[in-house]
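Thanks for coming. I will go through the pockets of this structure and then its ligand.

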Amino acid sequence: MTSPRRRRLVAGNWKMHRTGPEAVELIQQLRDGYTPGRAEVMVAPPFTALESASRALEGSGIALGAQNVHWEPQGAFTGEISAGMLRAVGCTFVIVGHSERRQLFGETDAWVSKKARAVLHAGMRPVVCIGETLADRDGGRTLEVCSSQLHGSLAGVAVEEMNHVVLAYEPVWAIGTGRNATPAQAQEVHAHVRELLVRLFGRPVGEAVRILYGGSVKADNAAELLGQADVDGALVGGASLKAQEFLAIVAAAT
Ligand code: PEP
């Protein structure tokens, strides 16, 4: 069972799905079935749907997140979006370092740390993703890879900023594959990550930071995963696009 000091967070990563009107429709379905409770809830639509999603979420108790950000505040960066722009549209969370960005778009730990710091400086909370590939796991390198990503992705983040940071452990082999980590596999990595946080930032910070699990979380495996001591919530991809499924995951976290 998660420490009572850490409020659970269930976050939906909609990836490249839903136009503005489609986002509003999904949010309406979520609102219809959602009662604000002990767990915090966030949805992260694509950039083009953020403005309408922001309006549709007003007064719902569900937070708005973005899926990516550029670290510079403005400038000649064609196709990029700044943290200030996301804040202005109503975002309070930004996912950084998702494995799809790392793998498909060449995002490095150094970039992830710049993005995380830009999000913090804009007054939002970064959800910093780490996770090993199947080759890493099969090669016995899971903890080493996660440690290295954690160090690199949090480089330059100050201790006092850490209470605004959320981590997400997302084994790459479990994302979008229907094959989730077992609760024991998730707990092993989460406990390791927490020990690292304690070493890097001190025990109070290490014990307060939320570590989400992501990778094929669904209504029927959420309770077991969330039942682990160091699993403080879920980052949900595919299942976050189905209102009833996502609400069932939220209920399992509440
Ligand atoms: C994700 O995209 O962060 C994710 C965990 O996806 P899925 O739930 O579909 O595996």
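**Pockets and ligand**

The residues that line the second largest pocket divide into 5 nonpolar, 9 polar and 5 charged. In that count Ala, Val, Leu, Ile, Met, Phe, Trp, Tyr, Cys and Pro are nonpolar, Asp, Glu, Lys and Arg are charged, and the others, Gly among them, are polar. This is a predicted model, in which local features need pLDDT of at least 70, side-chain atom pairs count only at pLDDT 80 or more, and totals for chains, interfaces and linings use all residues. Residues are numbered from 1 along each chain as its sequence is written, and side-chain values use heavy atoms, with hydrogens and water left out.

A pocket here is an open set of points on a 1 Å grid over the protein atoms alone, where a 1.4 Å probe fits, with protein on both sides within 12 Å along at least five of seven lines; lining residues have an atom within 4 Å of a point. The second largest pocket holds about 220 Å³ of space. Of its 19 lining residues, Gly 176, Ser 216, Gly 237, Gly 238 and Ala 239 lie nearest the centre.

Now the largest pocket, with a volume of about 470 Å³. Closest to its centre, out of 19 lining residues, are Lys 15, Gln 67, Asn 68, Arg 101 and Phe 105. Its lining has 9 nonpolar, 6 polar and 4 charged residues.

How does Arg 101 sit relative to Phe 105, and what is the distance? The charged end of Arg 101 is over the ring of Phe 105, 4.3 Å from the ring centre. The criterion is CZ of Arg, or NZ of Lys, within 6 Å of the ring centre and within 35 degrees of the ring normal.

Last, the ligand. Which atoms come within 2.7 Å of a ligand oxygen at Lys 15? A side-chain N or O atom of Lys 15 is 2.7 Å from an oxygen atom of the ligand. At Gly 176, a backbone N or O atom lies 2.6 Å from a ligand oxygen.

Conventions: Points joined across faces, edges and corners; volume = space filled by probe spheres on them. Polar contact = N/O pair within 3.5 Å; in protein donor to acceptor, adjacent residues only side chain to side chain.
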